[in-house]
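Walk through this model with the sequence and the coordinates side by side.

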Amino acid sequence: MIEIEKITLYHLSMNLKKPFKNSIETLQERKFLIVEAIDTSGVTGWGEVSAFSSPWYTEETIETCLHMLKDFFIPNVVGREFNHPSDVPDSLARYKGNRMAKAGLESAVWDLYAKKKGISLAEALGGTRDKIPAGVVVGLAPLDDMLKEIERYQKEGYQRIKIKIQPGHDVELVKAIRSRFPNIPLMADANSSYGLKDISRLKELDEYHLMMIEQPLQADDIVDHRHLQKHLKTAICLDESICSADDARRAIELGSCKIINIKPSRVGGLTEALKIHDLCREHQMQVWCGGMLETGISRAQNVALASLPQFTIPGDISSSSRYWDEDIVTPDIRIDNGFISVSKQPGLGVEVNQDIMRKYVTKMDVFTQHG
Ligand SMILES: [Mg+2]
């Protein structure tokens with residue numbers, strides 16, 4: 001039994017090693033809300049809200065998450081008893097949407113639960129692997145820089161390279177990368193930048209044996225992707241379109257994709273991620289675990305999740321040093337010969353380093369049962 005006594009939200013602002021460009025802004029400063037949940041027996045669990053500062057990936061932002069957590073979700077959880085972390089999403093089900101805010105809170109309870117049981121998060125989730133293959137994302141940049149970066153990541157042992165594509169930066173870019181690296185496992189993420197009118201353009205990508213094209217069409221679409229998949233040899237992977245196990249079921253039924261990217265934060269937490277995993281396993285749909293430029297808290301959580309059997313493709317799970325000069329957890333997440341080992345320590349298997357975290361904390365909010 002878990003009874004949450006106190007929740008602390010740490011507002012963090014960290015500097016990315018390299019700026020990250022999305023469709024709205026170029027990010028240098030990455031903000032997070034880190035969730036610390038303590039139960040009445042004194043055990044602590046950690047979670048992370050990994051929404052971005054602007055709504056380019058989903059409609060949520062770090063500010064909307066703060067609003068939801070403070071005014072609805074945390075008051076609903078503090079002082080309440082839970083048998084299992086999967087009871088948390090049930091208790092929040094009457095609040096619509098806002099999945100990233102929910103996921104941050106639920107993940108702290110998962111860590112707490114596993115620690116109380118003295119088992120690793122991977123074991124609590126049903127993981128079966130002791131190491132997972134690492135993949136990495138190369139941002140859009142001048143071609144020579146991208147080629148150098150790919151070469152460096154290959155040397156570091158990453159087992160899959162992902163690039164971002166958009167109209168105007170697609171076929172020629174993939175062709176140039178393929179002519180230099182004919183055989184690397186390569187995939188392209190379009191983040192919804194195409195429409196059905198672009199079918200012939202996307203078909204041109206078929207000759208470069210990409211592992212998949214991720215999320216070519218709109219985030220709220222499952223039907224048009226079905227039409228597109230019929231025209232493409234390359235597998236479509238859905239990311240933004242899959243917000244729940246029900247979405248995954250619809251995509252499977254319609255044939256809208258051949259692969260699903262599971263991000264716990266996008267689907268409302270680990271409980272829903274597990275449901276999607278199990279459904280995909282039943283239907284032999286391949287899955288992998290995506291990333292959100294996160295701290296080691298989410299990174300450790302994603303490693304645990306990716307140790308489940310249906311995660312057959314290397315995810316966007318890279319070393320802490322890819323993004324941060326110093327991560328807020330110890331040990332930080334590292335690549336060894338292209339793999340990241342799955343911790344056997346209780347819970348996430350990493351400790352939040354309070355001395356390091358304090359450097360990045362801009363504000364704290366504390367919630368207890370009696371205010
Ligand atoms: Mg994506």
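**From the sheet to the metal**

Strand 10 and strand 11 (residues 259–262) run parallel and pair over two bridges. Strands here are DSSP runs of E with at least two residues, helices are runs of H or I with at least four, and both are numbered from the N terminus. Two strands count as paired if DSSP finds at least two bridges between them. Cys-237 has Ile-259 of strand 11 as its bridge partner.

This is a predicted model: local features need pLDDT of at least 70, side-chain atom pairs count only at pLDDT 80 or more, and totals for chains, interfaces and linings use all residues. Residues are numbered from 1 along each chain as its sequence is written, and side-chain values use heavy atoms, with hydrogens and water left out.

Now widen the view. Seven strands make up an open sheet with parallel pairing, in the order 6-7-8-9-10-11-12. Strand 6 (136–138) and strand 12 (286–289) stand at the edges with a single partner strand each, so one side of each has no neighbour in the sheet. As background, strands of a sheet pair through backbone hydrogen bonds, either parallel or antiparallel.

Which residues hold the magnesium ion? The protein donors are Asp-189 (OD), Glu-214 (OE) and Asp-239 (OD), at 2.2 to 2.3 Å from the ion. A donor is an N, O or S atom within 2.8 Å of the metal (3.2 Å for Na, K and Ca); water is not among the atoms, so a site may look incomplete. Along the chain, the magnesium donors follow the spacing D-x24-E-x24-D. Glu-214 sits in strand 9 (residues 213–214), and Asp-239 sits in the loop between strand 10 (236–238) and helix 9 (245–254), so this pair ties together parts 25 residues apart in sequence. Both Glu-214 and Asp-239 are buried. Buried means under 20% relative accessible area, exposed means over 50%, and partly exposed lies in between (1.4 Å probe, protein chains only).

**Charged pairs**

Side chains of opposite charge can pair when their charged atoms come close. A salt bridge here is a side-chain nitrogen of Lys or Arg within 4 Å of a carboxyl oxygen of Asp or Glu. The whole structure holds 25 salt bridges.

Asp-189 forms a salt bridge with Lys-162, at 3.2 Å from N to O. The pair links distant parts of the chain: Asp-189 is in strand 8 (residues 186–189) and Lys-162 is in strand 7 (residues 161–164), 27 residues apart. Asp-189 is buried, with a relative accessible area of 1%. Lys-162 is buried too, at 2%.

Lys-115 and Asp-111 form a salt bridge, with their closest N and O atoms 3.1 Å apart. Both lie in helix 3 (residues 99–117), four residues apart, or about one turn of the helix. Lys-115 is partly exposed at 23% relative accessible area, whereas Asp-111 is buried at 1%.

Lys-359 is in helix 13 (residues 354–360) and Glu-326 is in the loop between helix 12 (296–305) and strand 13 (329–330), so the pair ties together parts 33 residues apart in sequence. Lys-359 is exposed, with a relative accessible area of 56%. Glu-326 is partly exposed at 23%. Elsewhere, salt bridges with shared partners join Arg-160, Lys-162, Lys-164, Asp-189, Glu-214 and Asp-316 into one network.

**Two loop residues**

Arg-322 lies in the loop between helix 12 and strand 13. Arg-322 is buried, with a relative accessible area of 15%. Its side chain reaches the backbone oxygen of Val-137 at 2.4 Å. It also makes a polar contact with the side chain of Tyr-153 at 2.9 Å. A polar contact is a pair of N or O atoms within 3.5 Å; within protein, one must be able to donate a hydrogen and the other to accept it, and residues adjacent in sequence count only if both atoms are side-chain atoms.

Thr-58 occupies the loop between strand 3 (44–49) and helix 1 (62–77). At 18% relative accessibility, Thr-58 is buried. The Thr-58 side chain reaches the backbone nitrogen of Glu-60 at 3.2 Å.
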